[in-house]
Every structure is written in C-alpha cells, then in structure tokens.
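Please read them with the structure open beside you.

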Amino acid sequence: MLAKRIIACLDVRDGQVVKGVNFEGLRSAGDPAALARRYNAEGIDELVILDVTATLEARRALAGTIRAVARELFIPLAVGGGIRAEADAAAAVDAGADKVSLNTAALADPTLITRLARQYGSQAVVVAIDAKRKDGRFAVYARSGQAEADRDAVEWAREAEAHGAGEILLTSIDRDGTKAGFDCVMTAAVSAAVSIPVIASGGAGGLDHFADVFTRGRADAALAASIFHDAETSVRALKHHLQQRGIPVRL
Amino acid sequence: MIALIDYRAGNLTSVKKALAAIGAEVFVPERPSEVAQAAGVIVPGVGHFGATRALDREWVDAILERVGQLRPLLGICLGMQWLFESSDEAPGLPGLGLLSGTCIRLGSGRGSDTGSDTGQVLTKIPHVGWNDLHFLREASITAGVPDGAQVYFTHSYVAPLTADAVATTDHGETFAAIVERAHVAGVQFHPEKSGDVGLRILRNFVELAG
C-alpha cells in the first residue's frame, strides 16, 4: 500500500539551515548536509531544500548544498525558493534535485509550470501554495507570504494541476512555525479538488498532528522542519506512532 | 562499463550518482555504435512514452545487438515500459518489443484511500511515493531484497502483468513492479531514489554485467 510520506524541509540561508515563526524571525539550526544525513538515517522519505535567500551569490552556494546532499542520499530531493525561470530549474536539477518547487513565479506566469513539466516531466514540478484563511476562503499569498495573490488555494491548485504540476505543497501561513497542528480543513479541501498528491505543511507540533492531517486532512504527505531539527520528534518515533494508528508508512 | 542511455527523458544525474556510490563504472554513449563496448546497458527515464521516440532505429539496433550478445539490460520506469511492445500513452509508437504486451494507464477510482475517513474512495494518479513489493518469484536482480521492501515510484502508466513479472505492487490495481526475462530486466520504480533497497538492485545488476 502506498505509504504516507514524511518530508523534512531544510530552510537554507547562506549555507545554514534556518527556521522562522510565521515566515519571520529566522534562527539558525545547523549544517544542511549533516541534518540531511541524520534524517536519512532516521528514515525520512524525502527532503526539501528551500532557499530563503535571494542573492546570486547565495544561489551559487545553494547549488553546492544540493550537490553535497544528493551525493550521498538516495531519496527524492526537491528544491524550492527563488526558482523564477528555466535556468534556475536547470541549475537545481543539474546539482541533483529531482523536483523543483515553484511558488511566486508560477502565480505570475502559470505557463512556467507547463514549460518545466514538458522539459523534466510533471513528477519534477511541485507547485507550492502558501495560503491563509481569510473571509471564509483560503487566500493565496506570493513572495514568502508578503503579497496577497487574489487567488483561492483550491482554485489555484486545480489550475496548477491543469498546467502540469505533479504535486502540490500546501503551506498554512496561519500555522507555520506555531506547532498548533496542520490546517486539516484547508488541506482536505485542496486534496479533494485535485488528483495529484498534496503535501501538507505548516503547524506540525506533535505526533497526532501528522495522524490528523493524513486522516481528516486527506494529505498524501506531510512536511515539517523545526520539529525534526530540534530533535523533539524523531522520524522513526513518528512513523511507529502512525503505524500504530493504522496509517501506512515506510519503515 | 555500464552504458547509461541518455534520451533526454528526465535527469540522468541521480542514476549516475547512485551508480557512482556503488562503485560502478559508467559511460553515456554519444553514438549508438558505442553501446557495443557496454558490459551492461541501463535505459533510465521518466515522463511520457513519447520521449522514447528519441531512441531511433540506430539506438534500437545497437541495444538489441548488445542484448543478443547476452549483455544484461535494465529499464528503469519509462525505460522499463519501453522494453514492451507499445504503450497506450503514445499509440502507434513501438517500444523495444523484447517483452510482450502493451503498457496501460493505472486505473483510477477503483481502489480505496485508507487515509480518508470520509468514506470516499480515492486512488490518486500519478502514483507517487513509497510502496511495497510483493514477490512472485526470485530473480537475479532482486537477490537480497526482502518481500515487502518499499521503493519509490512516480508514474501514471504501468507495464502489463505477464509471466515476466517478478514482483507486483498495488495502487488501485495490481501491476508489475519488477520484470525479468533472461538477462532483460525492468523496474517501474526508481532504484536510484529508493535508499538501500534501490542501491542493492543496482548493485545486483552491475554484478550481472560483470
């Protein structure tokens, strides 16, 4: 049976893993390659490297980080943050990324999804959607949560799928970094609207939050960062907990 | 030396890295004639069956000739589907035809998603993620891989379930996850992205190639 995936996210700035609360207040959490190695040993199913810097110099450093991780880990690796055009995607793929994650650039020009899907296959194109609850809908935000995109997450997810996206990475801005649990209502709404896998993100704080998002939230995968970085929760303990709850996982 | 066939379907980098990690010597032939030097041939790939159009008559002949000389051949994902006669994904485009049958789209809406407590039946296509292998028989490329081992898939089409199937996987329906006929083998999943289990399968193949 297809396992529910547990994905660790490494927010990388200047070659270091950092993590913020509600998209702000970044603090350092360590060397990306070392963390990736630890997660792999604990049985993580997939890794996401998210570039939270914007300068050209940092982008080159990121390629080195991707290379260091891809050289020794043989699990899927996605890279996001600052992928604006084909050349950015090509650099990430050349460095060893299996998937690229698009956010702001896809909102500005959804045909980028199609162009990348044609070049690398849909399985390589993840569309990341940052959304928060507003006036009874799920308002999409661009530019790391800074700019309201005047889109609804459910509608945008459907459109992204039609453009050739292979997966949706759905982050709740309301829950990000709060450890208050995933937004299961929003995740279920998006998951039911598309046939491609939906990765839930934002709010992981305890073992039952994952169980909830895989059942009530109908997520295909769940992503977390700080809960794993701080070693509060080991991936292995999480998976055993999920297995006991009858949720299929990779052990 | 293992020949890794590049036909611009997905990314060779990860397959190359995995082969490097197990100490295999690899080359990417620029011309079909170079396949003649290969101890074994790997056809990787991911994406649309139409991409195999790039493997024209010359490549097909070169690969078939090497297989005829009993050198092992491994198809990965789309490369596995290409071993068959054709695919519904690109009607009219022939595959290599070493294995019989036509690749078909994974059936949707027939299975059940146990993650849902809404009572709604849902099988997502594409099939993305880690799923388990159910062995039907032993095969040389699967030596040391236990029944129930989990590997990473990402695909929407599957090879037909025939006598060549070594292991099956369930996602809405039961499909061939590993096939082997003499020294021709295929895996629907990505061994280069399947952790230690995947590396074990690649190592078995490299050892077969000698």
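1. Chain B has a radius of gyration of 16 Å, which agrees with the value near 17 Å that a compact globule of 210 residues would have; the radius is taken over C-alpha atoms, and the globule rule is 2.2 Å times the number of residues to the power 0.38. The C-alpha atoms of chain B fill a box of roughly 55 × 40 × 30 Å along the principal axes.

2. This is a predicted model, in which local features need pLDDT of at least 70 and side-chain atom pairs count only at pLDDT 80 or more, while totals for chains, interfaces and linings use all residues. Residues are numbered from 1 along each chain as its sequence is written, and chains are lettered from A and ligands numbered from 1 in the order in which they are written.

3. Chain B holds four helices and 13 strands, these being DSSP runs numbered from the N terminus (helices H or I, at least four residues; strands E, at least two). Of the contacts in chain B with a separation of 6 or more, 68% join residues 24 or more positions apart, a contact meaning that C-beta atoms, placed from the backbone, lie within 7 Å.

4. Between the chains, 32 residues of chain A are in contact with 32 residues of chain B. On the chain A side, the elements that give two or more residues are helix H2 (56–72), helix H3 (86–95) and helix H8 (207–215) of chain A.

Note on methods. Contact = placed C-beta atoms within 7 Å.
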